[in-house]
Amino acid sequence: MRHNSPLEHSGTAQGLRGPMQASEARRFVVLDFYRFVAALGVFIFHLKLIDTGISPAWNGSYGLFVDMFFILSGFVISYSYPSTSTGLRSYVRFLVRRIARIYPLHLLTLLIFAALALMGTSGPTPHASWPDFVQNLFLVQAWGITDHLSFNSPAWSISAELFCYFLFPLFMLLAGRISPMMLAIVVALSYGILAHAHLPIWQERSQMYGATFDFGMLRALPSFLNGILLTVLFRLSSDYRRKPVAFAGIALFAISVLVLNVYAKPDLAIILFSLAILVTATGENAFTRFPGSDWLGRLGNTSYAIYMVHEVLLILLFKPAWHFLGLQPSMFPVFALVCCIVLTVVADVTYRYVENPARKLINRLAPGDARSARIPKPEPLDLSETGQAAKAS
């Protein structure tokens with residue numbers, strides 16, 4: 001088993017970077033909710049490892065949710081990227097804000113795992129050396145410089161996200177210079193080459209969808225670029241922005257979850273995720289305020305913390321509780337539900353008192369007037385997936 005891990009586009013440079021239309025949503029709360037569902041799906045996959053008697057069929061290949069997180073990040077960041085962001089100063093401001101989004105909670109969990117290692121408590125991976133700590137500290141552990149995961153293993157996907165952030169201006173330049181059809185071809189080729197060209201860089205041959213420490217940042221590239229493509233297509237979707245379309249998108253997402261529960265088919269998952277994101281965003285744009293927006297947005301806010309802290313709770317709370325109570329595999333559904341509720345509450349508190357305040361503090365360091373630039377509202381997950389996820393077969 002391998003460890004796996006959450007603008008305006010018209011096909012031209014002007015359309016890609018143009019001003020946001022007044023009628024368009026600043027935040028896609030349904031997509032936020034998708035991140036929440038995906039984060040819990042990854043958590044449940046890891047939770048089922050507490051007992052060998054639990055059916056391996058439980059939530060199938062939900063490790064592939066990490067790739068949906070990369071797609072969502074590309075979509076949300078490119079959609080929200082300010083049209084005035086040009087030059088080195090804007091690039092630095094962008095990087096500061098992205099780091100403000102992902103780093104505080106990463107640092108907190110890294111320090112917690114370091115403390116656990118000093119106390120002799122290991123997580124899913126026993127690796128916790130000083131070189132490992134430095135690699136995690138600088139978020140380069142998924143850049144092909146090590147042969148194992150370490151500390152808070154889900155953070156490999158945050159490392160991959162950071163790599164995409166560094167290349168983001170190049171992605172935007174590419175998307176602004178070529179037609180949507182050409183961009184789609186580039187995205188398809190990137191998936192085809194990285195996932196199916198039998199490249200020797202993966203730990204296992206032709207297994208991009210299982211890559212983490214073994215150049216996991218290259219796993220993120222096609223999906224991140226795919227998210228930018230979805231923004232291009234979204235900008236062309238004005239004729240289809242109707243409320244029923246949003247519910248069609250929700251149905252597509254539900255189908256993708258059910259499919260992943262049965263089949264470990266990465267290419268099919270990518271197609272379903274992409275369609276669900278595009279169709280949902282297109283339909284949601286027709287709403288002035290989507291029903292249940294407050295709760296959908298709040299649950300979406302918890303997704304990154306769910307992703308980053310669940311290994312801590314697995315070690316300190318959930319696994320001990322399972323064994324202490326002497327539960328049987330048949331009780332796993334109820335146990336998983338209770339754990340999801342507890343984890344969501346912890347994540348909500350973490351967002352309110354750690355993530356959000358730290359992000360605001362760091363954003364003050366960004367060049368320029370922080371109040372005048374648009375910060376992406378649906379915080380991209382950065383949620384890429386967590387520690388031990390299923391190897392896509």
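**Entry 1: cysteines.** I started with cysteine 164, which counts as buried at 0% relative accessibility. For my own reference, buried means under 20% relative accessible area, exposed over 50%, and partly exposed in between, with a 1.4 Å probe and protein chains only. Cysteine 339 is buried too, at a relative accessible area of 2%. Its closest cysteine sulfur belongs to cysteine 340, and at 7.1 Å that is too far for a bond. I then looked up disulfides (pairs of cysteine sulfur atoms within 2.5 Å), and the structure holds zero.

**Entry 2: ground rules.** A note to keep handy: this is a predicted model, where local features need pLDDT of at least 70, side-chain atom pairs count only at pLDDT 80 or more, and totals for chains, interfaces and linings use all residues. Residues are numbered from 1 along each chain as its sequence is written, and side-chain values use heavy atoms, with hydrogens and water left out.

**Entry 3: overall make-up.** I looked up the secondary structure and found 13 helices and zero strands; helices (H or I, at least four residues) and strands (E, at least two) are DSSP runs, numbered from the N terminus. Of the 393 residues, 59% count as buried. The accessible surface comes to about 16,000 Å², and carbon and sulfur atoms hold 68% of that; the areas come from the Shrake-Rupley method with a 1.4 Å probe, and for residues only the protein chains shown count as cover.

**Entry 4: cores.** Next I looked at nonpolar cores, meaning sets of buried Ala, Val, Leu, Ile, Met, Phe, Trp, Tyr and Cys residues joined through side-chain atoms within 4.5 Å. The largest has 101 residues, and those touching the most other members are Phe43, Leu47, Phe65, Met68, Phe75 and Phe318. Helix 2 (residues 29-47) gives this core its largest share, 12 residues. A second, separate core has eight residues, among them Leu110, Phe113, Val312 and Ile315.

**Entry 5: helix 2 against helix 10.** I found that the axes of helix 2 and helix 10 (residues 266-284) come within 9 Å and cross at roughly 145°. Axes here are lines fitted to C-alpha atoms, for helices over the stretch in contact, with angles from 0 to 180 degrees between N-to-C directions. Val29, Val30, Leu31 and Tyr34 in helix 2 meet Ala276, Ile277, Thr280, Ala281 and Glu284 in helix 10, where contact means heavy atoms within 4.5 Å.

**Entry 6: a buried aspartate.** Last, I checked aspartate 132 in helix 5 (residues 130-137). Aspartate 132 is buried, with a relative accessible area of 4%. Leaving out residues up to four places away in sequence, aspartate 132 touches His127, Thr146, His148, Ser150 and Phe151.
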